[in-house]
Amino acid sequence: MNRANFRSRIIGTALSAALLVACTPVGPDFVRPNSPVVKEWIEVNSPSTGPSGLTSRSAPVVRWWETFNDPTLNKLIAEAYAQNLDLQVAGARVLQARAQLGIAFGELYPQSQAIGGSIERRQISENLGPISDINRIIPLDTEFSTSQVGFDAQWELDVWGAQRRGVQAARSNLALQVANYDDALVTLTGDVAALYVNIRALQESLSVSRENIQLQQESANLTELRFKNGVTTELDVQESQALLNNTKALVPAIESDLQQTKNALAVLLGATPSRMSGLLGSSGRIPSARSNVSVGVPAELLRRRPDVRAAELAAATQSAQVGIALADLYPQFILSGSIGVQASGGRDLFSAASTTGLANAGVVWNVLNYGRIKNNVRAQDAAYQALIANYQNTVLTAYSEVESAMVAYSQSRKQVGFYENSVAASRKAAEIAVDQYRDGAASYSRILNTQTALLRSQANLIEARQQVSSNLVAVYKGLGGGWQIRQNQEFLPETVLAEMAYRTDWGDLLQEAPTGVSLN
(Lines give C-alpha, C1' and ligand atoms only; values in the text may rest on other atoms or scores of the structure.)
Protein backbone atom coordinates (compact mmCIF):
# COMPACT_ATOMS: atom_id res chain seq x y z
CA MET A 1 0.00 0.00 0.00
CA ASN A 2 1.43 3.41 -0.92
CA ARG A 3 1.49 6.35 1.45
CA ALA A 4 -1.37 8.18 -0.33
CA ASN A 5 -3.72 5.24 0.18
CA PHE A 6 -2.56 4.94 3.78
CA ARG A 7 -3.43 8.57 4.47
CA SER A 8 -6.79 8.22 2.72
CA ARG A 9 -7.74 5.27 4.88
CA ILE A 10 -6.74 7.12 8.04
CA ILE A 11 -8.89 10.10 7.01
CA GLY A 12 -11.80 7.83 6.19
CA THR A 13 -11.51 6.06 9.51
CA ALA A 14 -11.45 9.41 11.34
CA LEU A 15 -14.60 10.59 9.51
CA SER A 16 -16.38 7.35 10.36
CA ALA A 17 -15.35 7.79 13.98
CA ALA A 18 -16.75 11.32 14.01
CA LEU A 19 -20.10 10.06 12.70
CA LEU A 20 -20.23 7.31 15.31
CA VAL A 21 -19.41 9.74 18.13
CA ALA A 22 -22.30 11.97 17.01
CA CYS A 23 -24.80 9.27 18.09
CA THR A 24 -27.21 10.21 20.87
CA PRO A 25 -25.92 9.01 24.26
CA VAL A 26 -27.85 6.13 25.78
CA GLY A 27 -29.52 6.56 29.17
CA PRO A 28 -31.91 9.14 30.63
CA ASP A 29 -31.49 12.87 30.14
CA PHE A 30 -31.87 14.53 33.52
CA VAL A 31 -35.02 16.52 34.21
CA ARG A 32 -35.65 18.23 37.54
CA PRO A 33 -37.95 15.93 39.57
CA ASN A 34 -41.44 17.07 40.43
CA SER A 35 -41.78 18.63 43.86
CA PRO A 36 -44.58 20.20 45.92
CA VAL A 37 -45.33 23.86 45.25
CA VAL A 38 -46.22 26.24 48.08
CA LYS A 39 -47.89 29.49 47.04
CA GLU A 40 -47.65 31.45 50.30
CA TRP A 41 -46.26 31.17 53.79
CA ILE A 42 -48.70 30.32 56.56
CA GLU A 43 -47.25 32.75 59.10
CA VAL A 44 -46.94 35.81 56.86
CA ASN A 45 -49.63 38.22 58.08
CA SER A 46 -51.85 35.33 59.12
CA PRO A 47 -55.18 36.64 60.54
CA SER A 48 -55.26 33.82 63.10
CA THR A 49 -51.92 34.71 64.63
CA GLY A 50 -52.05 38.49 64.31
CA PRO A 51 -49.10 40.62 63.16
CA SER A 52 -46.10 38.32 62.80
CA GLY A 53 -43.46 40.84 61.81
CA LEU A 54 -42.94 38.91 58.52
CA THR A 55 -43.63 40.20 55.04
CA SER A 56 -43.39 38.60 51.60
CA ARG A 57 -43.42 41.91 49.73
CA SER A 58 -39.68 41.86 49.13
CA ALA A 59 -36.96 39.22 48.89
CA PRO A 60 -34.84 38.38 51.93
CA VAL A 61 -31.66 40.36 52.29
CA VAL A 62 -28.42 38.63 51.37
CA ARG A 63 -26.38 39.85 54.33
CA TRP A 64 -29.21 39.17 56.73
CA TRP A 65 -27.01 39.44 59.84
CA GLU A 66 -26.61 43.14 59.14
CA THR A 67 -30.30 43.65 59.97
CA PHE A 68 -29.33 43.14 63.64
CA ASN A 69 -27.25 46.36 63.50
CA ASP A 70 -24.51 44.78 65.58
CA PRO A 71 -20.93 45.56 64.46
CA THR A 72 -19.52 42.73 66.57
CA LEU A 73 -21.76 40.18 64.85
CA ASN A 74 -20.74 41.54 61.44
CA LYS A 75 -17.08 41.18 62.38
CA LEU A 76 -17.56 37.61 63.60
CA ILE A 77 -19.30 36.57 60.37
CA ALA A 78 -16.51 38.10 58.28
CA GLU A 79 -13.82 36.35 60.30
CA ALA A 80 -15.62 33.00 60.12
CA TYR A 81 -15.98 33.31 56.34
CA ALA A 82 -12.26 34.01 56.02
CA GLN A 83 -10.95 31.38 58.44
CA ASN A 84 -13.44 28.56 59.06
CA LEU A 85 -11.73 25.24 58.35
CA ASP A 86 -14.86 23.23 57.51
CA LEU A 87 -15.57 25.82 54.83
CA GLN A 88 -12.04 25.35 53.51
CA VAL A 89 -12.66 21.61 53.28
CA ALA A 90 -15.72 22.33 51.12
CA GLY A 91 -13.68 24.79 49.04
CA ALA A 92 -10.94 22.25 48.42
CA ARG A 93 -13.57 19.79 47.18
CA VAL A 94 -14.69 22.38 44.63
CA LEU A 95 -11.14 22.61 43.29
CA GLN A 96 -10.92 18.81 43.25
CA ALA A 97 -14.13 18.66 41.21
CA ARG A 98 -12.69 21.20 38.76
CA ALA A 99 -9.72 18.93 38.15
CA GLN A 100 -11.99 15.88 37.81
CA LEU A 101 -14.01 17.70 35.16
CA GLY A 102 -10.80 18.19 33.21
CA ILE A 103 -10.14 14.46 33.45
CA ALA A 104 -13.62 13.70 32.11
CA PHE A 105 -13.12 16.04 29.16
CA GLY A 106 -9.84 14.28 28.40
CA GLU A 107 -11.72 10.98 28.01
CA LEU A 108 -13.43 12.38 24.89
CA TYR A 109 -10.10 12.24 23.06
CA PRO A 110 -7.67 9.35 22.48
CA GLN A 111 -7.35 7.84 25.91
CA SER A 112 -3.84 6.47 25.36
CA GLN A 113 -1.24 8.75 23.79
CA ALA A 114 2.50 8.26 23.97
CA ILE A 115 5.63 9.46 22.23
CA GLY A 116 8.53 7.09 22.44
CA GLY A 117 11.90 6.37 21.01
CA SER A 118 14.59 3.74 21.32
CA ILE A 119 18.08 2.90 20.21
CA GLU A 120 19.05 -0.75 20.22
CA ARG A 121 22.48 -2.32 19.80
CA ARG A 122 22.56 -6.11 19.49
CA GLN A 123 25.42 -8.61 19.53
CA ILE A 124 24.73 -12.16 18.24
CA SER A 125 26.89 -15.11 19.17
CA GLU A 126 29.70 -15.69 16.72
CA ASN A 127 29.35 -19.44 17.24
CA LEU A 128 26.17 -19.44 15.20
CA GLY A 129 26.96 -20.89 11.81
CA PRO A 130 26.79 -18.91 8.60
CA ILE A 131 23.63 -18.91 6.50
CA SER A 132 24.15 -21.19 3.50
CA ASP A 133 22.72 -20.63 0.05
CA ILE A 134 22.75 -23.01 -2.89
CA ASN A 135 25.56 -21.22 -4.60
CA ARG A 136 27.33 -19.52 -1.72
CA ILE A 137 27.79 -19.22 2.04
CA ILE A 138 26.59 -15.94 3.54
CA PRO A 139 28.49 -14.95 6.68
CA LEU A 140 26.24 -13.93 9.62
CA ASP A 141 26.48 -10.31 10.71
CA THR A 142 26.78 -10.70 14.47
CA GLU A 143 26.57 -7.00 15.37
CA PHE A 144 23.89 -4.47 14.31
CA SER A 145 21.80 -1.56 15.66
CA THR A 146 18.29 -0.15 15.14
CA SER A 147 16.69 3.12 16.17
CA GLN A 148 13.11 4.39 16.11
CA VAL A 149 10.94 7.34 17.14
CA GLY A 150 7.16 7.18 17.06
CA PHE A 151 3.77 8.31 18.33
CA ASP A 152 1.15 5.76 19.47
CA ALA A 153 -2.52 6.43 20.28
CA GLN A 154 -5.61 4.43 21.16
CA TRP A 155 -9.13 5.81 21.12
CA GLU A 156 -12.30 4.19 22.36
CA LEU A 157 -14.99 5.91 20.30
CA ASP A 158 -17.82 7.44 22.29
CA VAL A 159 -20.48 5.72 20.19
CA TRP A 160 -22.98 5.22 23.01
CA GLY A 161 -22.15 8.40 24.90
CA ALA A 162 -20.37 6.92 27.93
CA GLN A 163 -17.64 9.57 27.82
CA ARG A 164 -20.14 12.35 27.21
CA ARG A 165 -22.21 11.12 30.15
CA GLY A 166 -18.98 11.14 32.14
CA VAL A 167 -18.52 14.81 31.30
CA GLN A 168 -22.13 15.49 32.33
CA ALA A 169 -21.54 13.67 35.61
CA ALA A 170 -18.33 15.60 36.27
CA ARG A 171 -19.94 18.94 35.39
CA SER A 172 -22.93 18.35 37.65
CA ASN A 173 -20.61 17.07 40.38
CA LEU A 174 -18.67 20.35 40.20
CA ALA A 175 -21.94 22.25 40.54
CA LEU A 176 -22.85 19.92 43.41
CA GLN A 177 -19.63 20.73 45.26
CA VAL A 178 -20.30 24.45 44.76
CA ALA A 179 -23.78 23.96 46.22
CA ASN A 180 -22.30 22.01 49.14
CA TYR A 181 -19.89 24.89 49.73
CA ASP A 182 -22.80 27.34 49.69
CA ASP A 183 -24.73 25.14 52.10
CA ALA A 184 -21.73 25.04 54.43
CA LEU A 185 -21.59 28.84 54.25
CA VAL A 186 -25.29 29.15 55.09
CA THR A 187 -24.81 26.81 58.04
CA LEU A 188 -21.70 28.68 59.16
CA THR A 189 -23.29 32.14 59.17
CA GLY A 190 -26.37 30.80 60.94
CA ASP A 191 -24.35 28.96 63.57
CA VAL A 192 -22.10 31.95 64.26
CA ALA A 193 -25.12 34.22 64.71
CA ALA A 194 -26.93 31.68 66.91
CA LEU A 195 -23.89 31.24 69.17
CA TYR A 196 -23.42 34.99 69.38
CA VAL A 197 -27.05 35.45 70.43
CA ASN A 198 -26.58 32.74 73.05
CA ILE A 199 -23.42 34.39 74.36
CA ARG A 200 -25.15 37.76 74.75
CA ALA A 201 -28.09 36.06 76.47
CA LEU A 202 -25.75 34.34 78.93
CA GLN A 203 -23.99 37.63 79.61
CA GLU A 204 -27.35 39.27 80.33
CA SER A 205 -28.32 36.34 82.56
CA LEU A 206 -25.07 36.75 84.45
CA SER A 207 -25.74 40.45 84.95
CA VAL A 208 -29.33 39.80 86.14
CA SER A 209 -28.14 37.12 88.55
CA ARG A 210 -25.63 39.50 90.09
CA GLU A 211 -28.24 42.23 90.40
CA ASN A 212 -30.55 39.83 92.20
CA ILE A 213 -27.71 38.70 94.45
CA GLN A 214 -27.21 42.31 95.49
CA LEU A 215 -30.95 42.78 96.06
CA GLN A 216 -31.24 39.58 98.07
CA GLN A 217 -28.11 40.46 100.06
CA GLU A 218 -29.78 43.69 101.14
CA SER A 219 -32.85 41.73 102.24
CA ALA A 220 -30.65 39.23 104.10
CA ASN A 221 -28.93 42.12 105.90
CA LEU A 222 -32.33 43.44 106.89
CA THR A 223 -33.35 40.10 108.39
CA GLU A 224 -30.08 39.98 110.37
CA LEU A 225 -30.73 43.44 111.77
CA ARG A 226 -34.33 42.66 112.72
CA PHE A 227 -33.29 39.35 114.29
CA LYS A 228 -30.60 41.07 116.42
CA ASN A 229 -33.16 43.64 117.52
CA GLY A 230 -35.55 40.85 118.49
CA VAL A 231 -38.17 41.94 116.00
CA THR A 232 -38.21 38.63 114.09
CA THR A 233 -37.06 35.04 114.47
CA GLU A 234 -34.06 33.20 113.07
CA LEU A 235 -36.37 31.61 110.51
CA ASP A 236 -36.28 34.79 108.41
CA VAL A 237 -32.48 34.82 108.51
CA GLN A 238 -32.17 31.22 107.36
CA GLU A 239 -34.74 31.63 104.60
CA SER A 240 -32.97 34.74 103.31
CA GLN A 241 -29.63 32.91 103.31
CA ALA A 242 -31.14 29.94 101.44
CA LEU A 243 -32.55 32.21 98.72
CA LEU A 244 -29.31 34.20 98.47
CA ASN A 245 -27.10 31.11 98.12
CA ASN A 246 -29.42 29.50 95.58
CA THR A 247 -29.08 32.62 93.46
CA LYS A 248 -25.30 32.72 93.94
CA ALA A 249 -25.13 29.11 92.75
CA LEU A 250 -26.51 30.22 89.36
CA VAL A 251 -23.40 32.27 88.59
CA PRO A 252 -20.84 29.41 88.21
CA ALA A 253 -23.22 27.46 85.97
CA ILE A 254 -23.83 30.50 83.75
CA GLU A 255 -20.10 31.30 83.58
CA SER A 256 -19.37 27.70 82.59
CA ASP A 257 -22.02 27.77 79.84
CA LEU A 258 -20.70 31.12 78.66
CA GLN A 259 -17.13 29.91 78.32
CA GLN A 260 -18.19 26.70 76.58
CA THR A 261 -20.25 28.70 74.08
CA LYS A 262 -17.28 30.98 73.44
CA ASN A 263 -15.14 27.89 72.83
CA ALA A 264 -17.64 26.61 70.26
CA LEU A 265 -17.64 29.99 68.54
CA ALA A 266 -13.82 29.96 68.46
CA VAL A 267 -13.89 26.72 66.44
CA LEU A 268 -16.23 28.29 63.87
CA LEU A 269 -13.90 31.27 63.60
CA GLY A 270 -10.84 29.07 63.18
CA ALA A 271 -9.35 30.75 66.24
CA THR A 272 -8.24 29.80 69.75
CA PRO A 273 -10.60 30.33 72.72
CA SER A 274 -8.23 32.91 74.21
CA ARG A 275 -9.19 35.38 71.45
CA MET A 276 -12.89 35.36 72.29
CA SER A 277 -12.78 37.72 75.26
CA GLY A 278 -11.12 40.39 73.14
CA LEU A 279 -13.66 39.95 70.34
CA LEU A 280 -16.77 39.78 72.52
CA GLY A 281 -16.03 41.85 75.58
CA SER A 282 -17.39 41.07 79.02
CA SER A 283 -20.96 42.27 78.47
CA GLY A 284 -23.47 43.04 75.77
CA ARG A 285 -27.12 42.90 74.86
CA ILE A 286 -28.98 40.35 72.80
CA PRO A 287 -29.08 41.69 69.21
CA SER A 288 -32.52 42.42 67.82
CA ALA A 289 -33.62 43.03 64.23
CA ARG A 290 -36.05 45.50 62.79
CA SER A 291 -39.75 44.82 63.30
CA ASN A 292 -40.64 43.83 59.72
CA VAL A 293 -38.64 40.97 58.26
CA SER A 294 -38.68 40.29 54.51
CA VAL A 295 -39.03 36.59 53.71
CA GLY A 296 -40.03 36.69 50.03
CA VAL A 297 -42.32 34.10 48.46
CA PRO A 298 -42.01 30.29 48.69
CA ALA A 299 -41.24 29.99 44.98
CA GLU A 300 -37.85 31.61 45.63
CA LEU A 301 -36.89 28.97 48.17
CA LEU A 302 -35.86 26.32 45.64
CA ARG A 303 -33.44 28.78 44.03
CA ARG A 304 -32.06 30.20 47.27
CA ARG A 305 -31.43 27.10 49.38
CA PRO A 306 -28.13 25.44 48.47
CA ASP A 307 -29.11 22.09 49.99
CA VAL A 308 -32.08 21.90 47.60
CA ARG A 309 -29.78 22.66 44.67
CA ALA A 310 -27.30 20.09 45.98
CA ALA A 311 -30.00 17.41 46.16
CA GLU A 312 -31.01 18.16 42.55
CA LEU A 313 -27.40 18.09 41.37
CA ALA A 314 -26.72 14.80 43.16
CA ALA A 315 -29.63 13.30 41.20
CA ALA A 316 -28.29 14.80 37.96
CA THR A 317 -24.86 13.30 38.61
CA GLN A 318 -26.37 9.87 39.22
CA SER A 319 -28.57 10.16 36.12
CA ALA A 320 -25.42 10.34 34.02
CA GLN A 321 -24.07 7.26 35.80
CA VAL A 322 -27.08 5.29 34.55
CA GLY A 323 -26.12 6.18 30.97
CA ILE A 324 -22.50 5.18 31.59
CA ALA A 325 -23.64 1.79 32.90
CA LEU A 326 -26.00 1.28 29.94
CA ALA A 327 -23.18 1.91 27.46
CA ASP A 328 -21.46 -1.27 28.70
CA LEU A 329 -24.30 -3.30 27.15
CA TYR A 330 -23.15 -2.33 23.67
CA PRO A 331 -19.97 -3.07 21.71
CA GLN A 332 -16.97 -0.79 22.14
CA PHE A 333 -15.30 0.51 19.00
CA ILE A 334 -11.58 1.13 19.36
CA LEU A 335 -9.17 2.85 17.02
CA SER A 336 -5.46 2.55 17.49
CA GLY A 337 -2.50 3.55 15.46
CA SER A 338 1.07 4.66 15.38
CA ILE A 339 3.30 6.71 13.17
CA GLY A 340 7.03 7.20 13.32
CA VAL A 341 10.39 6.58 11.77
CA GLN A 342 12.55 3.46 12.00
CA ALA A 343 15.96 2.56 10.61
CA SER A 344 19.01 0.40 11.11
CA GLY A 345 21.56 2.65 12.66
CA GLY A 346 20.93 6.32 13.15
CA ARG A 347 22.03 7.99 9.93
CA ASP A 348 18.84 7.40 7.92
CA LEU A 349 16.36 7.63 10.82
CA PHE A 350 14.71 10.89 9.73
CA SER A 351 14.75 10.32 5.98
CA ALA A 352 11.48 9.95 4.08
CA ALA A 353 12.09 6.26 3.44
CA SER A 354 12.20 5.55 7.19
CA THR A 355 8.52 6.45 7.77
CA THR A 356 6.42 3.71 9.32
CA GLY A 357 2.80 3.60 10.44
CA LEU A 358 -0.05 1.44 11.64
CA ALA A 359 -3.83 1.93 11.77
CA ASN A 360 -6.15 -0.53 13.43
CA ALA A 361 -9.90 -0.64 14.10
CA GLY A 362 -11.40 -3.15 16.51
CA VAL A 363 -14.57 -4.09 18.33
CA VAL A 364 -14.92 -5.43 21.89
CA TRP A 365 -18.26 -6.67 23.20
CA ASN A 366 -18.70 -8.14 26.68
CA VAL A 367 -21.51 -10.46 25.62
CA LEU A 368 -20.78 -13.04 28.31
CA ASN A 369 -21.03 -10.45 31.12
CA TYR A 370 -24.58 -9.29 30.39
CA GLY A 371 -25.89 -10.45 33.76
CA ARG A 372 -23.40 -8.38 35.69
CA ILE A 373 -23.76 -5.39 33.37
CA LYS A 374 -27.56 -5.39 33.55
CA ASN A 375 -27.51 -5.66 37.32
CA ASN A 376 -25.09 -2.74 37.45
CA VAL A 377 -27.53 -0.72 35.33
CA ARG A 378 -30.32 -1.65 37.74
CA ALA A 379 -28.20 -0.72 40.74
CA GLN A 380 -27.36 2.67 39.21
CA ASP A 381 -31.01 3.28 38.36
CA ALA A 382 -32.11 2.42 41.90
CA ALA A 383 -29.53 4.86 43.26
CA TYR A 384 -30.91 7.49 40.88
CA GLN A 385 -34.48 6.86 42.07
CA ALA A 386 -33.34 7.19 45.68
CA LEU A 387 -31.80 10.57 44.91
CA ILE A 388 -35.02 11.71 43.22
CA ALA A 389 -36.90 10.87 46.42
CA ASN A 390 -34.16 12.57 48.44
CA TYR A 391 -34.60 15.75 46.38
CA GLN A 392 -38.36 15.74 46.92
CA ASN A 393 -37.86 15.12 50.64
CA THR A 394 -35.30 17.93 50.82
CA VAL A 395 -37.84 20.33 49.31
CA LEU A 396 -40.50 19.29 51.83
CA THR A 397 -38.02 19.59 54.68
CA ALA A 398 -37.03 23.07 53.50
CA TYR A 399 -40.64 24.27 53.51
CA SER A 400 -41.17 22.72 56.94
CA GLU A 401 -38.04 24.28 58.43
CA VAL A 402 -38.98 27.75 57.22
CA GLU A 403 -42.58 27.49 58.43
CA SER A 404 -41.45 26.16 61.82
CA ALA A 405 -38.90 28.97 62.22
CA MET A 406 -41.51 31.55 61.23
CA VAL A 407 -44.12 30.39 63.72
CA ALA A 408 -41.51 30.15 66.46
CA TYR A 409 -40.35 33.69 65.66
CA SER A 410 -43.82 35.23 65.62
CA GLN A 411 -44.94 33.48 68.81
CA SER A 412 -41.75 34.28 70.73
CA ARG A 413 -42.27 37.96 69.90
CA LYS A 414 -45.60 37.77 71.71
CA GLN A 415 -43.95 36.15 74.72
CA VAL A 416 -41.54 39.05 75.08
CA GLY A 417 -44.41 41.48 75.64
CA PHE A 418 -45.97 39.33 78.34
CA TYR A 419 -42.67 38.77 80.13
CA GLU A 420 -41.85 42.46 80.05
CA ASN A 421 -45.12 43.14 81.89
CA SER A 422 -44.31 40.28 84.26
CA VAL A 423 -40.88 41.71 85.09
CA ALA A 424 -42.28 45.16 85.73
CA ALA A 425 -44.96 43.76 88.04
CA SER A 426 -42.51 41.44 89.83
CA ARG A 427 -40.04 44.27 90.44
CA LYS A 428 -42.78 46.48 91.88
CA ALA A 429 -44.08 43.63 94.06
CA ALA A 430 -40.55 42.96 95.39
CA GLU A 431 -40.14 46.62 96.35
CA ILE A 432 -43.50 46.69 98.13
CA ALA A 433 -42.75 43.46 99.98
CA VAL A 434 -39.44 44.85 101.32
CA ASP A 435 -41.11 48.09 102.45
CA GLN A 436 -43.91 46.21 104.21
CA TYR A 437 -41.46 43.83 105.87
CA ARG A 438 -39.34 46.74 107.09
CA ASP A 439 -42.46 48.35 108.57
CA GLY A 440 -43.55 45.05 110.11
CA ALA A 441 -46.70 44.87 107.98
CA ALA A 442 -45.72 41.65 106.15
CA SER A 443 -43.77 38.48 106.83
CA TYR A 444 -40.50 37.59 105.18
CA SER A 445 -42.27 34.98 103.08
CA ARG A 446 -43.63 37.85 101.01
CA ILE A 447 -40.08 38.97 100.21
CA LEU A 448 -39.05 35.39 99.50
CA ASN A 449 -41.90 34.86 97.05
CA THR A 450 -41.62 38.20 95.26
CA GLN A 451 -37.85 38.07 94.83
CA THR A 452 -38.04 34.49 93.57
CA ALA A 453 -40.74 35.56 91.12
CA LEU A 454 -38.64 38.54 89.99
CA LEU A 455 -35.62 36.37 89.21
CA ARG A 456 -37.77 33.86 87.35
CA SER A 457 -39.52 36.58 85.33
CA GLN A 458 -36.23 38.21 84.36
CA ALA A 459 -34.79 34.84 83.31
CA ASN A 460 -37.93 34.14 81.25
CA LEU A 461 -37.69 37.54 79.58
CA ILE A 462 -34.06 36.97 78.63
CA GLU A 463 -34.89 33.53 77.25
CA ALA A 464 -37.83 34.93 75.25
CA ARG A 465 -35.70 37.71 73.77
CA GLN A 466 -33.03 35.16 72.93
CA GLN A 467 -35.63 32.98 71.24
CA VAL A 468 -36.84 35.89 69.11
CA SER A 469 -33.35 36.52 67.75
CA SER A 470 -32.45 32.81 67.49
CA ASN A 471 -35.69 32.04 65.66
CA LEU A 472 -35.08 34.94 63.28
CA VAL A 473 -31.64 33.50 62.56
CA ALA A 474 -33.37 30.17 61.88
CA VAL A 475 -35.79 31.92 59.49
CA TYR A 476 -32.96 33.43 57.47
CA LYS A 477 -31.01 30.17 57.59
CA GLY A 478 -34.09 28.27 56.43
CA LEU A 479 -34.53 30.70 53.55
CA GLY A 480 -30.99 29.89 52.42
CA GLY A 481 -29.53 33.34 52.93
CA GLY A 482 -25.88 34.26 53.25
CA TRP A 483 -24.11 32.11 50.66
CA GLN A 484 -24.25 34.91 48.09
CA ILE A 485 -21.32 36.69 49.78
CA ARG A 486 -18.92 34.21 48.13
CA GLN A 487 -19.88 35.29 44.59
CA ASN A 488 -16.89 36.63 42.62
CA GLN A 489 -14.66 35.30 45.40
CA GLU A 490 -12.40 32.29 45.39
CA PHE A 491 -13.35 29.21 47.39
CA LEU A 492 -10.17 29.25 49.46
CA PRO A 493 -8.20 32.07 51.11
CA GLU A 494 -5.43 33.65 49.05
CA THR A 495 -2.75 32.26 51.38
CA VAL A 496 -4.04 28.71 50.87
CA LEU A 497 -4.26 29.15 47.10
CA ALA A 498 -0.70 30.45 47.04
CA GLU A 499 0.48 27.43 49.00
CA MET A 500 -1.31 25.06 46.63
CA ALA A 501 0.11 26.83 43.59
CA TYR A 502 3.59 26.55 45.03
CA ARG A 503 3.15 22.86 45.80
CA THR A 504 1.43 21.80 42.54
CA ASP A 505 1.02 23.21 39.03
CA TRP A 506 -2.70 24.06 39.03
CA GLY A 507 -2.60 26.07 35.80
CA ASP A 508 -5.63 28.36 35.64
CA LEU A 509 -7.91 26.16 37.80
CA LEU A 510 -7.22 28.31 40.86
CA GLN A 511 -8.36 31.47 39.10
CA GLU A 512 -11.70 30.38 37.65
CA ALA A 513 -14.59 32.65 38.53
CA PRO A 514 -16.64 30.74 41.13
CA THR A 515 -20.05 32.04 40.06
CA GLY A 516 -21.70 28.65 39.67
CA VAL A 517 -21.73 25.89 37.07
CA SER A 518 -24.32 25.28 34.39
CA LEU A 519 -25.68 21.82 33.71
CA ASN A 520 -25.97 22.53 29.99
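Visitor: Where in the chain is Gly296 found?

Guide: Gly296 is found in the loop between β6 (293-294) and α8 (301-304). Helices (H or I, at least four residues) and strands (E, at least two) are DSSP runs, numbered from the N terminus. This is a predicted model, where local features need pLDDT of at least 70, side-chain atom pairs count only at pLDDT 80 or more, and totals for chains, interfaces and linings use all residues. Residues are numbered from 1 along each chain as its sequence is written, and side-chain values use heavy atoms, with hydrogens and water left out.

Visitor: Is Gly296 buried or exposed?

Guide: Look at relative accessible area: buried means under 20%, exposed over 50%, partly exposed in between (1.4 Å probe, protein chains only). Gly296 has 1% relative accessibility, so Gly296 counts as buried.

Visitor: Which residues does Gly296 touch, leaving out those up to four places away in sequence?

Guide: Contact means heavy atoms within 4.5 Å. Gly296 touches Trp41, Thr55, Ser56, Ser58, Ala59 and Pro60. Take Thr55: its C-alpha is 7.1 Å from that of Gly296, yet the two are 241 residues apart in sequence.

Visitor: How much of the chain's contacts comes from residues 24 or more positions apart?

Guide: Count the contacts with a separation of 6 or more; residues 24 or more positions apart account for 84% of them. The chain has 520 residues, and 40% of them are buried. Twelve helices and eight strands make up the list of elements.

Visitor: How do I read the packing of α4 and α5?

Guide: Start with the axes. They are lines fitted to C-alpha atoms, for helices over the stretch in contact, and angles run from 0 to 180 degrees between N-to-C directions. Helix α4 covers residues 162-228 and helix α5 covers 234-248; their angle is about 165°, with the axes 9 Å apart. Angles under 35 degrees count as roughly parallel, over 145 as roughly antiparallel, 65 to 115 as roughly perpendicular and the rest as oblique. So α4 and α5 are roughly antiparallel to each other.

Visitor: Which residues make that contact between α4 and α5?

Guide: From α4, they include Ile213, Ala220 and Phe227. From α5, Val237, Leu243 and Leu244 are among them. Next, sort by class: Ala, Val, Leu, Ile, Met, Phe, Trp, Tyr, Cys and Pro count as nonpolar, Asp, Glu, Lys and Arg as charged, and the others, Gly among them, as polar. The contact of α4 with α5 has six nonpolar, eight polar and four charged residues.

Visitor: At what angle do α5 and α11 pack?

Guide: The angle is about 10°, and the axes are 10 Å apart; α11 spans residues 444-478. That makes α5 and α11 roughly parallel to each other. Asp236, Glu239, Ser240, Leu243 and Thr247 in α5 meet Tyr444, Leu448, Gln451, Thr452 and Leu455 in α11. By class, this contact of α5 with α11 holds four nonpolar, four polar and two charged residues.

Visitor: Back to α4: is Leu174 buried or exposed?

Guide: Leu174 sits in helix α4. Its relative accessibility is 7%, so Leu174 counts as buried.

Visitor: What phi does Asn69 have?

Guide: Its phi is positive, about 55°, although Asn69 is not a glycine. Asn69 lies in the loop between β1 (54-55) and α2 (71-83). Asn69 is exposed, with a relative accessible area of 64%.

Visitor: And where does Asn488 lie?

Guide: Asn488 is in the loop between α11 and α12 (494-503). Asn488 is not a glycine, yet its phi is positive, about 65°. With a relative accessible area of 61%, Asn488 is exposed.
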